[in-house]
Amino acid sequence: MDLRVFTEPQQGASYDTLLTVAKATEDLGFDAFFRSDHYLAMGSGDGLPGPTDAWITLAGLARETRRIRLGTLMTAATFRLPGVLALQVAQVDQMSGGRVELGLGAGWFEEEHRAYGIPFPKDRFARLEEQLEVVTGLWAAKTGQTFSFEGGHYRLTDCPALPKPAQAKVPVLIGGLGTRRTPALAARFADEFNMPFASIGDSEQQFGRVRAAAERVGRRADELVYSNALVVCVGRNDAEVARRAAAIGREVAELRENGLAGSPAEVVDKIGRYAAVGSSRIYLQLLDLYDLDHLELISAQVRSQLG
């Protein structure tokens with residue numbers, strides 16, 4: 001079971017804070033550091049000192065880390081034109097020595113689009129599909145060949161399809177709860193399918209849909225990695241769990257029900273139940289970025305038991 005650290009910087013984090021967490025992620029043996037792609041805080045928080053851009057952040061971290069994978073859950077297709085996004089991700093992949101992964105979603109948070117003057121079209125899923133075609137097509141085009149695309153939303157003519165990523169293939173992550181279009185899109189484009197904040201039962205059902213969709217398009221179902229993203233709140237005792245839950249404005253009972261919360265033994269057991277339905281990677285949503293002791297505890301008493 002891979003354990004990855006997943007952050008939500010729009011809730012309030014500077015680049016220096018993210019760098020500290022990323023370095024701790026690397027030093028403590030976790031597999032990867034991922035971040036959301038949002039520009040506006042959610043809920044009652046003030047979001048200070050303000051948002052950071054996902055791909056600018058990852059470019060910086062690419063030069064200041066050595067081992068961990070780096071990526072997004074999920075980059076919003078509404079934020080960047082696909083040709084520009086392919087260029088940006090390829091460049092960051094080069095800067096990291098081939099450690100980047102791209103999670104790409106349709107974009108859903110209308111309020112942040114209004115706040116920053118970003119169009120929020122109704123046909124976002126169709127745009128996402130075309131973005132995936134363009135981004136993966138640009139990376140797959142052979143050096144020296146141009147790439148053209150004529151879609152309903154995007155048109156590229158004789159693009160040089162440069163630069164190329166350092167990796168032969170940048171892993172693409174697709175996720176979501178949709179029962180029809182999402183599995184079909186994952187089957188066509190994804191290297192990994194992620195279930196965000198879902199129960200064990202719902203994860204099992206959605207993994208099954210994705211596996212079936214992959215087989216329908218001629219892929220082996222086990223070509224894809226199946227993963228979950230879950231909020232994490234671990235403590236050595238009940239008091240520590242309660243303190244950490246309070247720090248992120250959540251109730252312990254709710255976190256136990258919907259996330260990974262409780263003692264290390266409880267969390268290891270629940271991760272095992274996700275593994276039993278096909279998940280081989282967990283993104284630990286770490287909401288208090290200043291509690292590095294939390295990461296140390298998870299590494300020492302959860303990660304170490306999972307191999």
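**A buried serine and some salt bridges**

Leaving aside its neighbours within four places in sequence, Ser 203 is in contact with Met 195, Ala 198, Asn 228 and Tyr 274, where contact means heavy atoms within 4.5 Å. Please keep in mind that this is a predicted model, in which local features need pLDDT of at least 70 and side-chain atom pairs count only at pLDDT 80 or more, while totals for chains, interfaces and linings use all residues. Residues are numbered from 1 along each chain as its sequence is written, and side-chain values use heavy atoms, with hydrogens and water left out.

Ser 203 belongs to helix α7, residues 200–216; helices (H or I, at least four residues) and strands (E, at least two) are DSSP runs, numbered from the N terminus. With a relative accessible area of 0%, Ser 203 is buried, a word that stands for under 20% relative accessible area, whereas exposed is over 50% and partly exposed is in between (1.4 Å probe, protein chains only). A polar atom of the Ser 203 side chain lies 2.8 Å from the backbone oxygen of Ser 199.

Let me turn to salt bridges, each of which is a side-chain nitrogen of Lys or Arg within 4 Å of a carboxyl oxygen of Asp or Glu. A search of the whole structure finds 26 of them.

Which residue forms a salt bridge with Asp 2? The partner is Arg 281, and the closest N and O atoms are 3.1 Å apart. This pair links distant parts of the chain, since Asp 2 is in strand β1 (residues 2–7) and Arg 281 is in strand β12 (residues 281–286), 279 residues apart. Asp 2 is partly exposed, at 29% relative accessible area, whereas Arg 281 is buried, at 11%.

Another salt bridge joins the side chains of Asp 31 and Arg 4, at 2.6 Å from N to O. Asp 31 lies in the loop between α1 and β2 and Arg 4 in strand β1, so this pair ties together parts that are 27 residues apart in sequence. Asp 31 is partly exposed, with a relative accessible area of 23%, while Arg 4, at 1%, counts as buried.

Finally, the side chains of Arg 244 and Glu 240 meet in a salt bridge of 3.2 Å, N to O, and both residues lie in helix α8 (residues 238–247), 4 residues apart, which is about one turn of the helix. Arg 244 is buried, at 4% relative accessible area, and Glu 240 also counts as buried, at 12%.

Definitions and conventions
Polar contact = N/O pair within 3.5 Å; in protein donor to acceptor, adjacent residues only side chain to side chain.
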